[in-house]
Amino acid sequence: MQAWPPAQVPVLPGRGPELRLYDTSDRQVRPVAAGTKATMYVCGITPYDATHLGHAATYLTFDLVYRQWLDLGHDVHYVQNVTDVDDPLLERADRDGVDWRDLGGREVALFRDDMAALRILPPREYVGATEAIPDVIELVEKMLASGAAYVLDDHYPDVYYRADATPQFGYESGYDRDTMLRLFAERGGDPRRPGKNDELDALLWRAARPGEPSWPSPFGAGRPGWHVECAAIALSRIGSGLDIQGGGSDLIFPHHEFTAAHAECVRGERRFARHYVHAGMIGWDGHKMSKSRGNLVLVSALRAQGVEPSAIRLGLLAGHYRADRFWGREVLDEATARLRRWRTATALPAGPDATDVVARARQYLADDLNTPKALAALDGWATDALEYGGHDAGAPTLVTTAIDALLGVDL
């Protein structure tokens, strides 16, 4: 699958501190400690609707990680999937009377346009679930052979993963069983299905049903479950030693817990990823932004209204990536005013020395992507430049370069 074209990232002189991020499984901020090649897998969209600000906030988070790694001199191998066959997509296509492939293709194209406009750096490999069917089949075969999976002998012979196949299951989320069962039911699981060994056992392969797309496999025609798709893509494209598995906080359980468990049970590894990183949710009018509530703020709609993508970025960067936060007119107005102020300050022929502010911006971003502090530091430089001027002719260019390289904001 084709990703979107990359924005040019300027090279910023010098080097910042090593990146530290909050790890969901360890419940603390700690060094990422990536090698020369830094690897990251981020869960992509299920393309049955347009990109909203919740999506944008998640992919912006990992764009910042990408940019900090580039600033540190890493070669970044970033993989993202597209769940281009799944129940929500098929249900929406049936509701609208369109082919599921056409619906998915249309929404993926819109997503790519939105990501390019927001200057989100694209993954090196952008992989649809339908492109990874052979990888999924191979992974499911290994789980069946090892006893980590079983065929539910029912009218439809679906393949299920045993939640107890790894002794460490549950370490990534840290949730107790009652919480797991509640979230499993809310987020695509089927705890009440008769015949399963355990209510938490997760679907690996959905046997073919009439009117649904399917692919042949040694264990019967069907299509992938949700979690195994990401495990198969990450293992086949990156392999062992993944530095970061990322996504929104709503993916902590069951999606990321099971993705990790699927990979760990076939590789015999304790951890699928060295770091589990999750972005907070974006709300509107006091509620989480979601399709079911009908309160989505679409990136494409904002762009159509003439809102600059740089202002959207700044509005999302104004809050810490891990915080659940709300979007509103005030957020956008403040971001637009900040963008205008920064542009005016960096357009001056000279300004105050910028060495310190660039160093502090790097330091704040290295400390768990503390964008509010980084923005405040840059605000301070801009205020000094506008109110007191300066004599450093290179300072405006250095600040412009730092804002672009580290924050992805085009002045």
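Some ground rules come before the tour. Residues are numbered from 1 along each chain as its sequence is written, and side-chain values use heavy atoms, with hydrogens and water left out. Since this is a predicted model, local features need pLDDT of at least 70 and side-chain atom pairs count only at pLDDT 80 or more, while totals for chains, interfaces and linings use all residues.

**The strand β10**

Helices (H or I, at least four residues) and strands (E, at least two) are DSSP runs, numbered from the N terminus.

| Strand paired with β10 | Bridges | Residue pair |
|---|---|---|
| β3 (residues 37-42) | 3 bridges | V42 with G246 |
| β11 (residues 273-279) | 6 bridges | V277 with G246 |

**The annotated site**

Helix α7 also holds H255. An unreviewed UniProt entry puts a "binding site" feature at C43, C230 and H255. They span 213 residues in sequence, yet no two of their C-alpha atoms are more than 9.4 Å apart, so they gather at one spot. UniProt positions follow the numbering used here, feature names are shortened, and annotations may be inferred rather than shown by experiment.

C230 sits in helix α6 (residues 226-237) and is buried, with a relative accessible area of 1%. H255 is buried too, at 1% relative accessibility. Contact here means heavy atoms within 4.5 Å. Leaving aside neighbours within four places in sequence, C230 touches Y41, C43, N81, H255 and T259, while H255, with the same exclusion, touches C43, W226, H227 and C230.

**Helix α13**

What about helix α13 (residues 395-407)? At 1.5 Å a residue, its 13 residues should span 18 Å, and the end C-alpha atoms are 17 Å apart, which agrees (the expected span is 1.5 Å times one less than the number of residues). Of those 13 residues, 10 are buried, so α13 is largely enclosed by the rest of the structure. Its cover includes α1 (53-71), α9 (309-317), α10 (329-346), α11 (355-366) and α12 (371-388). Just after α13, G408 takes a positive phi of about 70°.

Notes:
Two strands pair if DSSP finds at least two bridges between them. Buried means under 20% relative accessible area, exposed over 50%, partly exposed in between (1.4 Å probe, protein chains only).
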